[in-house]
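The sequence and the model come first.

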Amino acid sequence: MKFIDKTTIQTDKILTELDLFVLDFISILERYADYVIISGYISILFGRSKATEDVDIFIRKIDFTTFTNLYAALQKKGYWCLNAEQPKDVYNYLADGLAVRFARKKETIPNFEVKFAVTSLAQESFHDKLLVKTAKGDLFISSLERQIAFKRYYLKSEKDLEDAKHIEEIFKEKIDIKKIEVYKRMIEHE
Amino acid sequence: MNKLKPGRTNAEERMNFVEYWAEYVRTHPDEDWSKQQKMLIDSQLQNARKSSLSAKKYLKMKGELRK
């Protein structure tokens, strides 16, 4: 696992079922919306020894027509929304700033927790996203410094502090400590 | 590679393991650590699938059940 340029990480890991679930969902989503994966899954992608029930993701706001096409494509590929059935209802939740969850049909876990990026912090996470290249596809994730700051200074649970520590240890020669401090101040003022 | 430090509390014990495992991941080939990670994660997901948790129960548990 290494940076191959400033914004790209290459991993040769043997992919887990969770990784394959993420890559499959993303291969559909990316045709309709810009996205960035945030939070717990990032530490798992980079080796943390735990699973997660959900994968958090921000998408840039899309219009209802585009969403309807995305929803149809997800259904066609075997996904369902846990929160509502009709695309209009699902879209309204998103437009209200709420998260909606998608899983494979007849399943609840694992699921994708999808949210429109509405806050300035969420929107900024698209500006310095990283590309992660795996053997079976690529993913965009939020910057490592953002993840560490968000987990350490906003979420702050034991699990989140551990996730932050894991990312910091894995990439300790690449992490910009000053950036973490900047994000910390942004989080405090959000 | 450093040895795993025992912790005085559960939280310290867990954090020490996080550090220990991160060093293992950093200093070993991806194939090595990911084989171990895959065993753990795949079995946890398989168990979760077997539990057949309904969406309603799950969303209630998460405090996200909306009418």
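## Helices 3 and 4 of chain A

Helix 3 (64-76) of chain A and helix 4 (residues 87-95) of chain A pack with their axes 10 Å apart, at an angle of about 120 degrees. Helices here are DSSP runs of H or I with at least four residues, and strands are E runs of at least two, numbered from the N terminus. Axes are lines fitted to C-alpha atoms, for helices over the stretch in contact, and angles run from 0 to 180 degrees between N-to-C directions. The two helices are therefore oblique to each other; under 35 degrees counts as roughly parallel, over 145 as roughly antiparallel, 65 to 115 as roughly perpendicular and the rest as oblique.

From helix 3 of chain A, F64(A), F67(A) and Y71(A) meet P87(A), K88(A), V90(A), Y91(A) and L94(A) of helix 4 of chain A, where contact means heavy atoms within 4.5 Å. This contact has seven nonpolar, no polar and one charged residues. Ala, Val, Leu, Ile, Met, Phe, Trp, Tyr, Cys and Pro count as nonpolar, Asp, Glu, Lys and Arg as charged, and the others, Gly among them, as polar.

## Basis of the model

This is a predicted model, in which local features need pLDDT of at least 70 and side-chain atom pairs count only at pLDDT 80 or more, while totals for chains, interfaces and linings use all residues. Residues are numbered from 1 along each chain as its sequence is written, chains are lettered from A and ligands numbered from 1 in the order in which they are written, and side-chain values use heavy atoms, with hydrogens and water left out.

## The cavity

The structure holds one cavity of 30 Å³ or more. On a 1 Å grid over the protein atoms alone, a cavity is a set of points where a 1.4 Å probe fits but cannot get out, a pocket is an open set with protein on both sides within 12 Å along at least five of seven lines, and lining residues have an atom within 4 Å of a point. Points are joined across faces, edges and corners, and a volume is the space filled by probe spheres set on them.

The largest cavity holds about 40 Å³. Its lining has 10 nonpolar, no polar and no charged residues, including F67(A) and L94(A). Helix 3 of chain A gives the largest share, three residues.

## The largest pocket

The largest pocket holds about 920 Å³. Of its 34 lining residues, I38(A), S39(A), F58(A), F150(A) and L155(A) are the closest to its centre. Helix 6 of chain A gives the most, six residues.
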